[in-house]
Amino acid sequence: MSTQSIDVAIIGTGVIGAAWATGFLTAGHRVTTYDPAEGAEERLREQVTNCVEDAGSGSAASLLDSLTFAPSLSEAVADADFVQENGPERLEVKQSMLAEIDAAAPESAIIASSTSGFSPSQLNAQATKAPGRIVVGHPFNPAHLVPLVEVVPSPDTPTEVVDRALTVYEAIGKKPILVRAELPGHVANRLQAAMWQEAYSLVDRGVVSVADIDTAISYGPGLRWAILGPLAQQSLSGGSGGMRHVLDHLGPPQEVWMHDLKQVHLGEDLKEKLISGVDEELHGRDPAVLSKQRDDMLLELIALKRKYGELP
């Protein structure tokens, strides 16, 4: 399958589906979409236009000429080379939807799900035609800007399908990673969950405020992690000795810290602490303005990563 002018089907056209449609359209692909919700086509065209403008990709008018809204799911995927499913994050709904996609799509088509946490082995349980070609292709929000995509195959997924999926995502400007085992939440969400666990614990114990947690990350390691990941950054801190020096000399105290991390339960008291803490931190700040500022800074950061060769 060529990555030039392929036929892409987007099933489910909410925020994530619109972001995927934008990415594939911007890369020059033909996109056919389907969503049973009333008014979905009009909302999708508006969302794609907004995504294109947010990303600074010029006018959406010409891109929309390559966007088709099909009257049924089966018609949307009938000629697809690549299908991106974005249905509700409910297992029974996704299983049924993916089984229908599997039955209607050409056997050569790759089927990817945007699921945040379900495994492909769960997702393909009702598929009968070619269940092994169903993989996870999980984006990261805001998905029209953030390059990360987690690709998770099932044990039955052919290597050729995995390679093609990675190639397709790379060709639309994404930065895919291959997750080699099925885990709840994949990788990025698990890493976030580990940090949230300790953040919640520190707030629960009164060690710091919610605002202090956000400051500690966004003005400290978060700045560095946006340039290089936490392990590469750790290696740099070892100077000429690199990662070996860090692990030999700082590994023992790090183990003490890791073993001291606390498990938490999101009971009502802790939830109230977190909610009130965020409300206090963001008091008087318009969420829409904050989101726009975040997206603008993301674009500048992504431009810098391209400048220094970290992104194509």
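Predicted model: local features only at pLDDT ≥ 70, side-chain atom pairs only at ≥ 80, totals over all residues.
On the H8 side the contact is made by Met195, Ala199, Leu202 and Val203, and on the H9 side by Val210, Ile213 and Ile217. By class, the residues of this contact are seven nonpolar, with no polar and no charged ones.

H9 also packs against helix H13, which spans residues 268-281. Here the axes are 8 Å apart and the angle is about 70 degrees. The range from 65 to 115 degrees counts as roughly perpendicular, so that description applies to H9 and H13. H9 contributes Val210, Ala211 and Asp214 to the contact, while H13 contributes Lys273, Leu274, Gly277, Val278 and Glu281. This contact divides into four nonpolar residues, one polar residue and three charged residues. Val210 of H9 takes part in the contact with H8 and also in the contact with H13.

The remaining point concerns Arg164, a residue of helix H7, which covers residues 159-171. Arg164 has a relative accessible area of 15%, and because buried means under 20%, Arg164 counts as buried. Its side chain reaches the backbone oxygen of Ser108 at 2.7 Å.

Conventions: Residues numbered from 1 in each chain as written. Heavy atoms only, no water. Contact = heavy atoms within 4.5 Å. Helix = DSSP H or I, 4+ residues; strand = E, 2+ residues; numbered from the N terminus. Nonpolar A, V, L, I, M, F, W, Y, C, P; charged D, E, K, R; others polar. Axes fitted to C-alpha atoms, helices over the stretch in contact; angles between N-to-C directions. Parallel < 35°, antiparallel > 145°, perpendicular 65-115°, else oblique. Buried < 20%, exposed > 50% of the residue type's maximum accessible area, 1.4 Å probe, protein only. Polar contact = N/O pair within 3.5 Å; in protein donor to acceptor, adjacent residues only side chain to side chain.
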